[in-house]
Amino acid sequence: MNITVVGSGPNGLAAAVVCARAGLSVQVLEAQPTFGGGARSAADPEFDGILHDVCSAVHPLALGSPFFAEFDLRARGVRFGVPEISYANPLAGRPAAIAYRDLDRTCDELSDGASWRRLLGPLVEHEDTVLGFMLGDKRSLPRDLLNVTRLGLRILEQGTRAWNLLLHGDDAQALLTGVAAHAISRPPSLASSGAGMMLSMLAHTEGWPIPVGGTQAITDALIADLRAHGGEIHSDSAVTTPPSGVVLYDTAPTALMPIYRERVPSRYARQLMRYRFGPGAAKVDFVLSGDVPWSDERLADAPTLHLGGSRGEMARAEIEAAEGRHAARPMILAALPHLVDPARMDDAGWRPMWTYAHVPAGSTVDQTEAVTASIERFAPGFRDIVVAARSVPAAEMPRHNANYVGGDITVGGADVFKAVLGPTPRLDPWATPIDKVYLCSSATPPGAGVHGMAGYYAARSVLRREFGIREMPSLAPEGLVTSGGHDRP
């Protein structure tokens with residue numbers, strides 16, 4: 001029986017790799033002319049040598065997720081720049097808050113480093129437990145109940161109005177809030193708190209690596225393994241009618257409706273029609289002629305930045321976006337990949353800067369000026385080094401990835417209930433009531449992120465339910481022992 005994977009994002013490719021390694025016949029169909037979904041890179045249309053990441057740029061989970069730990073990207077030739085500064089949060093009128101890979105150094109520079117250590121120190125010491133739970137299938141009892149309970153209490157604390165109770169200092173509070181905002185969820189929330197805990201912990205363990213040569217390197221490694229095990233992958237192959245055999249969809253759940261039409265059970269159809277997407281992200285790619293003139297000179301070595309100001313400012317901006325309003329100072333994520341990958345600069349020294357601004361769903365507003373003004377707030381003179389800006393409003397994001405409905409790059413997955421139950425409540429959230437049809441996108445557990453785990457679990461479900469295969473195939477490169485050090489998923 002053939003297996004078709006629709007969509008070549010990280011989860012779709014992870015599912016395809018697992019099934020191909022299990023000895024099944026696999027094809028991947030991608031509607032876009034290039035592969036990768038949320039993990040793609042593209043050349044600047046005007047400046048030779050400048051490479052932009054189309055969606056994700058920085059990858060804390062590329063080394064940390066159990067799937068990638070066993071798949072072992074480094075052993076497959078993917079190189080990562082892992083900076084000493086994992087991420088930073090500029091603050092108006094005072095020194096920036098900086099998360100170094102060195103936990104001690106981070107705590108030493110915060111106004112109340114002791115509270116940061118109390119919050120994250122135990123998680124750093126039990127990284128495998130945290131990753132195993134956060135990226136787990138949510139259907140197995142945790143092995144280390146004590147430390148999972150500690151993690152849960154921290155998520156609860158930072159996911160509710162008690163979030164200032166134990167984490168002290170405006171700088172530490174901002175440092176965590178900027179990371180939690182990756183979930184694009186109205187703060188404080190359990191979803192954003194969980195993301196903040198996991199990603200902040202990784203800042204002090206694996207670090208926040210950037211793939212050398214762009215995010216496309218991750219996708220290319222997955223495709224190479226798929227092909228090595230007999231799988232096929234096709235671009236410009238939009239799916240409008242049901243493929244034969246077993247099908248895994250690395251898509252938004254709502255994409256099933258126009259494909260299967262009357263085959264969708266009425267109850268499931270009603271559930272899909274009620275599926276809700278979150279706020280959007282508007283992208284602005286810059287080409288810069290020189291270094292960003294940060295007011296805090298330490299930021300010259302920070303490839304990843306959260307440009308929302310204080311905890312209160314970021315919270316207000318995220319709430320406004322969730323309520324359908326454009327914040328005057330939106331929450332912005334930024335990356336300067338050339339700081340760890342100098343080859344991303346052209347011969348003239350011009351270099352890319354990647355940014356996302358959080359906006360209302362479906363926003364058509366060009367965020368170039370809002371992003372520029374926000375950076376200028378922390379780096380006076382920034383405008384003077386901008387050579388070009390490429391804007392993609394939230395409403396246009398689906399043009400390069402149909403999953404991003406209204407610009408929601410989490411595909412509606414930034415919700416703690418969806419991260420546990422799936423897009424609709426089911427014992428097996430990767431299966432659907434449509435015969436031989438499965439979901440493997442970030443709309444399924446464990447949710448958004450370039451980690452491959454949703455694809456892994458969907459493939460596991462397919463192997464068990466459709467083929468009676470209980471033992472998962474090895475993901476390690478042939479002839480090598482996996483080097484990740486994490487428990488097998």
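Predicted model: local features only at pLDDT ≥ 70, side-chain atom pairs only at ≥ 80, totals over all residues.
In soluble globular proteins, nonpolar side chains tend to be buried together.

Leu-73 shows how such contacts reach along the sequence. Neighbours within four places in sequence are left aside here. Across the chain, contacts between residues at least 6 apart in sequence were examined. Of these, 75% join residues at least 24 apart.

The chain has 16 helices and 16 strands. Its radius of gyration is 21 Å, close to the 23 Å that the globule rule gives for 489 residues, so the chain is as compact as a globular protein of that length. The C-alpha atoms fill a box of roughly 60 × 55 × 50 Å along the principal axes. Of the 489 residues, 61% count as buried.

The surface and the charges were also examined. The chain exposes about 18400 Å². Carbon and sulfur atoms supply 52% of this area. There are 44 positive and 53 negative side chains. The centres of the two sets lie 9 Å apart.

Some backbone sites stand out. Most residues other than glycine have a negative phi, and most peptide bonds are trans. A cis peptide bond joins Pro-187 and Pro-188, with omega at about -10°. Pro-188 sits in the loop between helix 8 (170-180) and helix 9 (190-203). A cis peptide bond also joins Pro-445 and Pro-446, with omega at about 10°. Pro-446 belongs to the loop between strand 16 (437-439) and helix 16 (453-467).

Positive phi angles occur at Val-411 and Lys-436. Val-411 is not a glycine, yet its phi is about 55°. This residue lies in the loop between strand 15 (386-392) and helix 15 (416-421). Its relative accessibility is 2%, so Val-411 counts as buried; the cut-off for buried is under 20%. Lys-436, also not a glycine, has a phi of about 65°. Lys-436 is found in the loop between helix 15 and strand 16. At 26% relative accessibility, Lys-436 counts as partly exposed.

Terms used: Residues numbered from 1 in each chain as written. Heavy atoms only, no water. Contact = heavy atoms within 4.5 Å. Helix = DSSP H or I, 4+ residues; strand = E, 2+ residues; numbered from the N terminus. Rg over C-alpha atoms; globule rule 2.2 N^0.38 Å. Buried < 20%, exposed > 50% of the residue type's maximum accessible area, 1.4 Å probe, protein only. Areas by Shrake-Rupley, 256 points an atom, 1.4 Å probe, with all protein chains shown as cover. Lys, Arg positive; Asp, Glu negative; His and termini not counted. Charge placed at Lys NZ, Arg CZ, Asp CG, Glu CD.
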